[in-house]
Amino acid sequence: MAERYDAVIVGGGAAGLMCALTAGRRGKRVLVLEHANKVGKKILMSGGGRCNFTNTGTAPANYLSANPHFCKSALARYSPWDFIAMVERHRIAYHEKELGQLFCDLSSKLIVKMLVDECQAAGVRIETGHGIDALHHGDGDDAPFRLHTAHGNVATPALVVASGGLSIPSMGASGFGYELARRFGHRVLPTRAGLVPLTLSGKHQERLHDLSGVALPVTASCNGQAFSNQMLITHRGVSGPAILQISSYWQPGDDLRLDLLPGRDALDWLLAQQRQRPAAELKTVLGETLPKRFAQRLCELWLANKPMKQYNAPELKQLAATLSDWPLVASGTEGYRTAEVTLGGVDTDEVSSSTMQSKRVPGLYFVGEVLDVTGWLGGYNFQWAWASGHAAGLAV
Ligand code: FDA
């Protein structure tokens with residue numbers, strides 16, 4: 001005999017737990033199946049252990065998707081302020097770091113505890129350490145999804161796929177959601193690592209790798225998008241928030257540019273330096289505004305170093321162009337091992353934007369990162385997980 005649940009949620013991550021507690025509060029009988037040994041592992045490791053749980057500036061423009069309109073409805077119906085209200089109800093202290101990014105003062109564990117407590121209060125059953133061994137779907141039944149699990153057989157009219165993307169396999173990430181979507185005839189758009197460090201190779205890597213650990217503010221631009229924030233040089237390439245952000249818009253072969261003097265007109269600045277300190281060498285002048293070792297390296301390999309007064313007008317113009325539009329030739333990304341998110345995924349054209357229900361298979365839902373909706377760095381991905389989980393939790 002199969003045990004009947006109103007909804008079975010596969011994946012006890014951010015979106016799955018939010019969907020579960022929302023449905024549970026409506027009196028639905030809900031089972032969460034999580035194959036890792038505990039729920040919310042990515043929440044625990046997020047934000048350096050302090051979980052950047054939302055962004056107060058969340059807007060549809062902060063998301064990448066083949067259908068940029070898809071995320072609008074769910075985001076409008078569950079805002080950052082709704083999640084903040086729950087955080088405050090649980091007396092979790094938080095602060096804004098920058099740019100609307102809210103972090104726990106103490107630990108991400110508090111966010112997971114809050115979600116689990118809410119699930120418990122709503123009567124949700126959570127099973128960890130087990131996924132689905134087999135899944136059958138029968139038409140015409142009032143509970144058409146039949147699942148074999150280590151805890152026995154389960155039947156449900158609503159199967160919610162909340163199994164996330166492919167990033168950080170060691171934390172439980174799997175391609176389960178994509179395989180299940182394909183099995184039910186859903187299109188899955190090509191996936192790739194997003195919010196991920198970029199790698200350099202050959203002479204590009206040789207020229208920078210010994211500067212590993214050096215950080216500087218840049219504006220990184222690619223394919224019509226630009227992000228101003230810190231860049232960090234690593235042994236393998238470049239990372240830091242500006243690079244992670246632009247990585248989601250970059251693909252091998254794309255032109256990626258860095259403004260090394262963000263917020264300044266490079267030519268005006270160089271002219272002012274020439275007027276004020278004609279005898280100073282370029283590397284000295286640059287070394288006072290950029291990290292010294294990086295400025296030296298620029299002057300050794302990319303810019304001709306000499307006293308400021310010796311640059312003529314065309315040379316200054318050329319210097320300004322190089323400093324404000326420096327081409328960075330990346331060879332690839334560090335991949336899913338270190339990526340924060342997976343771009344692409346279940347095509348949103350075949351999913352209802354208000355309920356997250358499949359338009360092909362009644363009772364099948366997709367929430368969170370498994371869908372082709374990917375946020376910028378800064379709390380947007382959790383906000384999507386909360387909003388899409390909430391939308392499905394109201395519908396199952
Ligand atoms: P999520 O990955 O959270 O959950 C999916 C769950 O399904 C997992 O628990 C997994 O084990 C389980 N699962 C997979 N296959 C299964 C199967 N076959 N059976 C049963 N269970 C299965 N975002 C943000 O907004 N702010 C931040 O600070 C960060 N920080 C951050 C740091 C790091 C290191 C990473 C990797 C990611 C972030 N993110 C982030 C991104 C954020 O973690 C991510 O977008 C959300 O967790 C996505 O929520 P989901 O619930 O969709 O997937």
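1. UniProt, in an unreviewed entry, lists residues 192–341 as "domain: RsdA/BaiN/AoA(So)-like insert"; UniProt positions follow the numbering used here, feature names are shortened, and annotations may be inferred rather than shown by experiment. The end C-alpha atoms of residues 192–341 lie 9 Å apart, and the span is 35% helix and 23% strand, where helices (H or I, at least four residues) and strands (E, at least two) are DSSP runs numbered from the N terminus.

2. This is a predicted model, in which local features need pLDDT of at least 70 and side-chain atom pairs count only at pLDDT 80 or more, while totals for chains, interfaces and linings use all residues. Residues are numbered from 1 along each chain as its sequence is written, and side-chain values use heavy atoms, with hydrogens and water left out.

3. Around the ligand there are 32 residues, of which A15, E34, S174, E369 and F382 come nearest; a residue counts as near if one of its heavy atoms lies within 4 Å. By class the shell holds 13 nonpolar, 15 polar and four charged residues, with Gly counted as polar and Asp, Glu, Lys and Arg as charged, while Ala, Val, Leu, Ile, Met, Phe, Trp, Tyr, Cys and Pro are nonpolar and the others polar.

4. At least two shell residues each come from α1 (14–25), β3 (30–34), α2 (41–45) and α13 (380–395), and α13 gives the largest share, four residues.

5. An N or O atom in the side chain of S174 is 2.7 Å from a nitrogen atom of the ligand, and a backbone N or O atom of N52 lies 2.9 Å from a ligand nitrogen atom. The protein buries 93% of the 1,000 Å² that the ligand exposes when taken alone, with accessible areas from the Shrake-Rupley method and a 1.4 Å probe.

Definitions and conventions: Polar contact = N/O pair within 3.5 Å; in protein donor to acceptor, adjacent residues only side chain to side chain.
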